[in-house]
Amino acid sequence: MRFDAAVLRSYEDPFAVEEVILNAGPDDGEVLVRIAGCGMCRTDLAVRRSAGRSPLPAVLGHEGAGVVVETGGPDTGLSPGDHVVLSFDSCGHCRSCLGAAPAYCDDFAALNLFGGRAENATRFTVAAGGTLAPRWFGQSSFAAYAMVPARNAVRVDPALPLELLGPLGCGFLTGAGTVLNSFGAGPGDTVAVFGAGAVGLAAVMAATAAGAVVVAVDRHPERLSLAEKFGAIPLPAASGDLPGRIRRLTDGGARFALDTTGSAPLINDALRSLRPRGRLGLVARLHTELPLQTGTLDRGRSISHICEGDAVPALMIPRLTGLWQAGRFPFDQLIRTYPLAGINEAEADCEAGRVVKPVLIP
C-alpha cells in the first residue's frame with residue numbers, strides 16, 4: 001500500500017511530503033486508519049530540539065482522527081467504517097495503566113517519544129528507499145494513513161466533524177483534562193491559566209463549562225481576546241504585580257493555577273497567586289532548573305507536573321465532544337486547516353503564534 005506522508009529527515013530540514021509504503025497489514029490489536037485530519041502540537045515540533053533522542057527519518061503527528069479501514073484480530077473492539085480519534089500510546093498492563101492512569105505508563109517515553117513499539121519496526125518504508133523510525137505516539141499521523149494500537153483509538157459519533165477532532169487526543173485533552181480531572185474544578189472555584197495557547201485555551205473553555213471563575217494570562221492581545229470570548233478575565237503578562245492582581249480578581253487567590261509556559265518567573269507568579277492550599281499544575285516540559293522564590297510554597301500550596309490531563313482518552317474524548325455538541329467547548333474556533341503539503345507553512349505559523357491549532361488535512 002502506497003500513500004503520502006510528511007517525513008522529517010533531519011532536525012534542521014523542513015518536512016517533505018513523500019510517498020511511503022506500508023508493507024504489511026495490522027497485527028492483532030491494531031487498526032489501520034485513513035486520516036481525515038491531524039493537529040500539529042508543539043511536542044511534534046520539539047523533536048527538532050530533542051538532542052537526537054527521537055530517531056529520524058520519521059513521520060510525526062499525534063493528534064490524528066480518521067476512519068478505520070482494516071482491523072487486526074477479533075479483539076480490537078472496532079470495525080471498518082468506525083470514526084475514531086487517536087490518542088497517546090500505553091502498554092496497558094503496568095501498574096499505572098491498570099490504575100486508570102495511562103499517561104503515567106511505565107513505558108510512556110519509549111512508546112511515544114523515543115522509538116515506539118519494536119514490533120514490525122520496518123513495516124513502513126520510503127518509496128525512494130530506506131526505512132522509517134517506528135511510529136510516533138503510536139500513530140505517526142502526518143500522513144494519509146496510520147497504523148495504531150486499538151487502545152489508542154476512541155470511537156466517536158460519525159455526525160461530528162471528523163477532520164477537526166484530532167487535537168482532542170492530546171492538546172485539548174491536556175488542557176481540559178487538567179481542569180476537569182486533575183483539579184476537579186466546579187462552580188465557585190477559581191482557576192488562573194498562564195499561557196493562552198491551545199492547551200491554555202482548552203483549559204479556559206473547560207473551566208468556564210465547569211462553572212469556575214477563570215483568569216487568563218498571556219503576552220499576546222489576540223490570545224487574551226480569545227480567552228475573554230471563552231469566558232475568562234484577560235490579564236496581560238506584562239501587568240505589574242500579577243499575583244496581587246489575580247488575588248484581587250479571585251477574592252483572595254485562585255484555588256487552582258495551570259502553567260503552560262514553562263517560564264520560571266511565571267511559575268513563581270502562579271504560585272503566589274494561589275490561595276492557601278491552592279494547587280499549581282505544570283504541563284510544559286521544563287528545560288532548565290526551576291528556582292522557587294522564598295514563600296511560594298507556604299500555607300499549603302502545592303505544585304506538580306500533570307501529563308495528558310490525567311485523562312483516560314476513552315472517557316475524556318466523548319466528554320469533550322459532548323460539551324462541544326452542547327455549545328460549551330467550542331474548540332473548533334481555535335483551528336485553522338492546512339493541506340498536508342502545507343505542513344511547513346503550518347509549522348511556521350505555529351511557531352510565530354499566528355495560529356492557535358493548525359490541523360493538517362491529507
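Contact here means heavy atoms within 4.5 Å, and helices (H or I, at least four residues) and strands (E, at least two) are DSSP runs, numbered from the N terminus. This is a predicted model, in which local features need pLDDT of at least 70, side-chain atom pairs count only at pLDDT 80 or more, and totals for chains, interfaces and linings use all residues. Residues are numbered from 1 along each chain as its sequence is written, and side-chain values use heavy atoms, with hydrogens and water left out.

After H10 comes Gly353, with a positive phi near 80 degrees.

Strand E1 takes us to an open sheet of four strands, ordered E4-E1-E2-E7 with antiparallel pairing; two strands pair if DSSP finds at least two bridges between them. Its edges are strand E4 (58-59) and strand E7 (124-126), each pairing on one side only. Six bridges join E1 to strand E2 (residues 16-22) in the antiparallel sense, and Arg2 stands opposite Ile21 in E2.

Now turn to the open sheet of six strands, E12-E11-E10-E13-E14-E15, where the pairing is parallel. Strand E12 (233-236) and strand E15 (302-305) are the edge strands. Within this sheet, strand E10 (residues 190-194) pairs with strand E13 (residues 254-259) over four bridges, and Phe194 has Asp259 of E13 as its bridge partner. Helix H6 (residues 221-229) packs on the sheet, where it touches strand E11 (213-218) and E12, and its direction makes about 170 degrees with that of E11. Angles run from 0 to 180 degrees between N-to-C directions, and axes are lines fitted to C-alpha atoms, for helices over the stretch in contact.

Finally, how do two helices meet? The axes of helix H4 (residues 171-182) and helix H9 (residues 313-325) come within 11 Å and cross at roughly 95 degrees. That makes H4 roughly perpendicular to H9, a term for angles of 65 to 115 degrees. Among the residues that meet are Phe172 and Leu173 in H4 and Met316 and Arg319 in H9.

Methods: Parallel < 35°, antiparallel > 145°, perpendicular 65-115°, else oblique.
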